[in-house]
Amino acid sequence: MDKKPLDVLISATGLWMSRTGTLHKIKHHEVSRRKIYIEMACGDHLVVNNSRSCRTARALRRHKYRKTCKRCKVSDEDITKFLTKSTESKTSVKVKVVSAPRVKKAMPKSVSRSPKPLEKSALSSSVPASAPASALTRSQLDRIEALLSPEDEISLNVAKPFRELESELLTRRKGDLQRIYADERENYLGKLERDITKFFVDRGFLEIKSPILIPAEYVERMGIDSDNELSKQVFRVDKNTCLRPMLAPNLYNYLRKFDRVLPDPIKIFEIGPCYRKESDGKEHLEEFTMLNFCQMGSGCTRENLEALIREFLDSLEIDFEIVGDSCMVYGDTLDVMHGDLELSSAVVGPVPLDREWGIDKPWIGAGFGLERLLKVMHDFKNIKRAARSESYYNGISTSL
C-alpha cells in the first residue's frame, strides 16, 4: 500500500484528527519542505511534521473517528467526504489486538527510533473488527497487551488459542531483544540523555549535576508549604531532607552563584531523576527523569524560548503545539503539548518566586519529562515502558 504523506491526506478531506479521535475542520494550511502549518476553524493552530507514518496519518487512512469538534462545526458533507475511502485503496484489513476497556478509578491528577520488528509471520485468517474477544480472559488479554509492540498487527481470531498467540508474540519479543543485544546495546533512556546533552552543549549551555537529596526548606521556598497539596507528593527522608521533586531549586542556586563570574547570558541545563508520590493516572511515574534548561540575562524573550523548544523537538521529530496555561508554582506558563499529552511547561521570567532565590534578572526556561518524550517517539501506550524498570527493556516486556 502506497502511504501518502500527511499533507495529501488532509488536503483530500479538509479535516484534522486529534489524538483523542476528534475531527476538526481545517480553515487554512501551508506546507513547507518538512512541516505543515495548520489553522483550525475553531481557532487552534498546529505545526506538525509532514509524515507518512505519524498517528494522525494512520488515523486518516483508517477513516474512523470518535466525535467532531463542536466549535469547528464539521458538516455532514465533510464527514461523508471523510468516510469515503478514496485517499488510499486497501486490499486487506488487519485488526490490532485490543484489550477490553479498564474501569478507571477516581483519582486526582501527576534517540533513536524503535528497532524494526522481525518480519511478521503470516497469520491464518483475519476477522472483522467487530468480532468478539470473549475467547480470551481478562488476564490473557493483559498478557497479550504486555507482549505487544506498537508495530504489531495481530488478527484477533477467536479460533486461535491463547497459547499459540502468546507463543508467536514471545518469539517476536525474544528476537527483538536478541537484535538489540547484537546491534545496538543502548538503552533508550540513556541514549536520549546523551543526545539531549549534546544538543544543549552544542548550543552553549553548561551541564549541571546537582544533588538528589535536597534540604526540605528548598521545597518550601518554591511555594510548596505543608498546607499545599503538592507537599503530600514529596518523598521525605527525614525532617530536614527530601528527594528532589523537581530540578528548579538547584538551578536557581546555580544561576545566582554563576551570575557573579560568568558572562551574559548565563545558559545552564540539567538531566536527572526526580521523585514524587504520584497518584495521577497512567501518564505519571513516582521516579522519572527531567530535563530542565534555563537562560538568564539578555535574549530572554518568549520568541527565543519558543524557537529553542521548536529546534529541540524538531531534532527528536516530535509534533507539538504550544498553549498558554498556569501552574501553582510559577503562575503563567507555556505548555508544550503533543495531542493531549503535556511534554513540558515553559516559563518566561521574572516571576514573583525569583525573590526567594536572589534572582533579579529576566530568564527563560522549560522542563521536559524524558519518559514522556520516549512514549511519543516510540508510540508506547504505557509510560512504564519508557521508565527505569525491570519489567521492560526499551519498551519490550522482559517477562519472556
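**Note on the predicted model**

1. Asp-152, Glu-168, Arg-172, Arg-173, Asp-176 and Arg-179 are joined in a network of salt bridges, a salt bridge being a side-chain nitrogen of Lys or Arg within 4 Å of a carboxyl oxygen of Asp or Glu. The structure holds 21 salt bridges.

2. This is a predicted model, in which local features need pLDDT of at least 70 and side-chain atom pairs count only at pLDDT 80 or more, while totals for chains, interfaces and linings use all residues. Residues are numbered from 1 along each chain as its sequence is written, and side-chain values use heavy atoms, with hydrogens and water left out.

3. The mean pLDDT (the predictor's confidence in each residue, from 0 to 100) of the protein chain is 82, and 82% of its residues reach 70 or more. Over residues 86-134 the pLDDT is below 50, although this stretch has 102 contacts in the model beyond near neighbours in sequence; contact means heavy atoms within 4.5 Å. Where pLDDT is low, the predicted coordinates should not be read in detail.

4. The protein chain has 10 helices and 16 strands. These are DSSP runs numbered from the N terminus: helices are H or I with at least four residues, strands E with at least two. Of the 400 residues, 46% count as buried. Buried means under 20% relative accessible area, exposed over 50%, and partly exposed in between (1.4 Å probe, protein chains only).

5. Glu-311 forms a salt bridge with Arg-203, with the closest N and O atoms 2.9 Å apart. Glu-311 lies in helix H9 (residues 302-315) and Arg-203 in the loop between helix H6 (188-202) and strand S6 (206-208), so the pair ties together parts 108 residues apart in sequence. Glu-311 is partly exposed at 38% relative accessible area, and Arg-203 is partly exposed at 30%.

6. Glu-306 is buried at 16% relative accessibility, whereas Arg-302 is partly exposed at 41%.

7. In helix H3 (residues 76-83), Asp-78, Ile-79 and Phe-82 are buried. Down the axis of H3 these buried residues fall within an arc of 95 degrees, so they line one face of the helix; the arc is that of the directions from the helix axis to the C-beta atoms. The face turned away from the buried side of H3 carries the exposed residues Asp-76 and Glu-77.

8. Leu-374 sits in helix H10 (residues 370-377) and is buried at 2% relative accessibility. Leaving aside neighbours within four places in sequence, Leu-374 has contacts that include Tyr-188, Leu-192 and Phe-380.
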